[in-house]
Amino acid sequence: MALILAGTGQLTQRQLESALLSAANALRGPVDPGDYKAYVFPVMFFKWISDNWDYQHAEAVKDFGDNLTDEIEADYHPFAIPDGCHWDDVFETPVNVGAKLATCLQRIQQANPSLAGVFGDVNWANKDRLPESALVALLDTFQGVQLDPDSVTGDMLGAAYEYLLREFAEASGKKAGEFFTPRAVVHLLVKILDPQPGESIADPACGSGGMLVETVMAVRDAGGDPRTLGLHGQEVNLTTAAIAKMNLYLHGLEDFKIVRGDTFREPKLLDGAALQKFDVVIANPPFSLQNWGAETWTKDPYSRVICDVPPAKNGDYAWIQHMVATMAEGAGRVGVVMSNGVLFRGGKEAVIRQCLVKRDLLEAVIGLAPNLFYSTAIPVCLLIFRSSKPIDRKGKILFIDASTRIKAGKNQGTLSNEDVTDIATAYRQGSNGDGRHGLGSRVVDIGEVAVNGFDLNISRYIASERTSEVNVEVALAAYREARVRLAELDVILESKLKAAGFDG
């Protein structure tokens, strides 16, 4: 049953969010919670397009009356809806609703090339996967939610979309890391990178597009024109790439580029045959990605290799190399979320880390608390790189320990608004802090980092109440990694001994 009657005027944020959550609940049972997003978001976007088309049609009639022509009306609609493919056409279909919906979504994409792939790849006609009763219940819920400008503002709809993403993330647990970064972490990273009007922004692992949306909000809130931003994202997962496109559209954005593909094997944000350069590169890529494409990295045509090829079984530094390679000269900066292992692991990663430090590209290391993410409970860090550091930061690295700043939540912790402000302020000030209130900072000369073997473990440079705990975590991680590496070396040694004729 519809939760809110259409045409009742402006919705409240709570009403809108409640209605959207009811839409998800309509799928409970036949659909895995981790897959809700693949079904709910396309239907929501279809309803939004149809309601806005009706609104724009009414505006055109009001402006031109009997003089309205198809040609004039076309200018009122950013998206065309082919005959027979409006929401009402699907909602009023008595049987085989999924097949009708699939046809309409396909025809809408064909009529609007900019929407290519936006509805994902759900087989709506498959009644075994999605019983018709569940689809009808989903449509019925949205039928009662009017999504035109008279009923919801762009900010409301965008906030509701983010709310639904968060709810889906909580429902899907570890799978959430594929498409959702906690809003507070995104907000912090964007505040640090400080995007400006007219700049180009890229996220090479854009997920649902939350980081791109946050850069827009930051520019707008600072009084700038977000329409001047050049937004770019690449995402390997088809469903998630579609969600990113819908997210940006629902936040009132139209001029952006989201491409689907493997960032390592087939980067698609290009300038001719070379990588496109951006003022701001921001990402929360998947941690410790295996089989990421090391075999192609040795002769990478895009010149992304810095000093060495990252380990084949861990793509963390491949993400860092890619992002640094796409950083524009001069004002270019990079902000990336990483597991703390990148700060101290040895082998090829140590070689790459040393190169980044010696080239004076790493500006800041910010340690966050564990259990902030749906996809992992381990502590994480933010790494900030600049193509050209400010004079007072050249030859230095700013370390910030925010590992105790966390607010307990239902499934994981979060950063409060005060935490975000305090950490961002510590970054901007770039001075030594005393560690009170769970936040310590220190500016360290690169020479000191070199003495420590280019180990960036924060506890080496900042003493805090969590130092002993962090050291235990680091030691355990290093121990486990050493055991894995030892096993790998045993295999190599055995192979070489056999090749040399030593079978015993």
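**Exercise 1. Describe the protein as a whole.**

Start with secondary structure: the protein has 16 helices and 11 strands. Helices (H or I, at least four residues) and strands (E, at least two) are DSSP runs, numbered from the N terminus. This is a predicted model: local features need pLDDT of at least 70, side-chain atom pairs count only at pLDDT 80 or more, and totals for chains, interfaces and linings use all residues. Residues are numbered from 1 along each chain as its sequence is written, and side-chain values use heavy atoms, with hydrogens and water left out.

Next, take burial. Of the 504 residues, 52% count as buried. Buried means under 20% relative accessible area, exposed over 50%, partly exposed in between (1.4 Å probe, protein chains only).

**Exercise 2. Place T215 in the fold.**

Find its element: T215 sits in helix α9 (residues 210-221). Check its cover: T215 is buried, at 1% relative accessible area. List its contacts (heavy atoms within 4.5 Å). Leaving out residues up to four places away in sequence, T215 touches V190, P195, I201, L229 and L231.

**Exercise 3. Find the disulfide and say what it ties together.**

Apply the cut-off: a disulfide is a pair of cysteine sulfur atoms within 2.5 Å. The structure holds one. C307 is joined to C355, S to S 1.6 Å. The link of C307 and C355 is left-handed, with -90 degrees about the S-S bond. C307 lies in the loop between α11 (294-297) and α12 (316-325), and C355 in helix α13 (residues 348-358), so the pair ties together parts 48 residues apart in sequence. C307 is partly exposed at 39% relative accessibility. C355 is buried at 16%.
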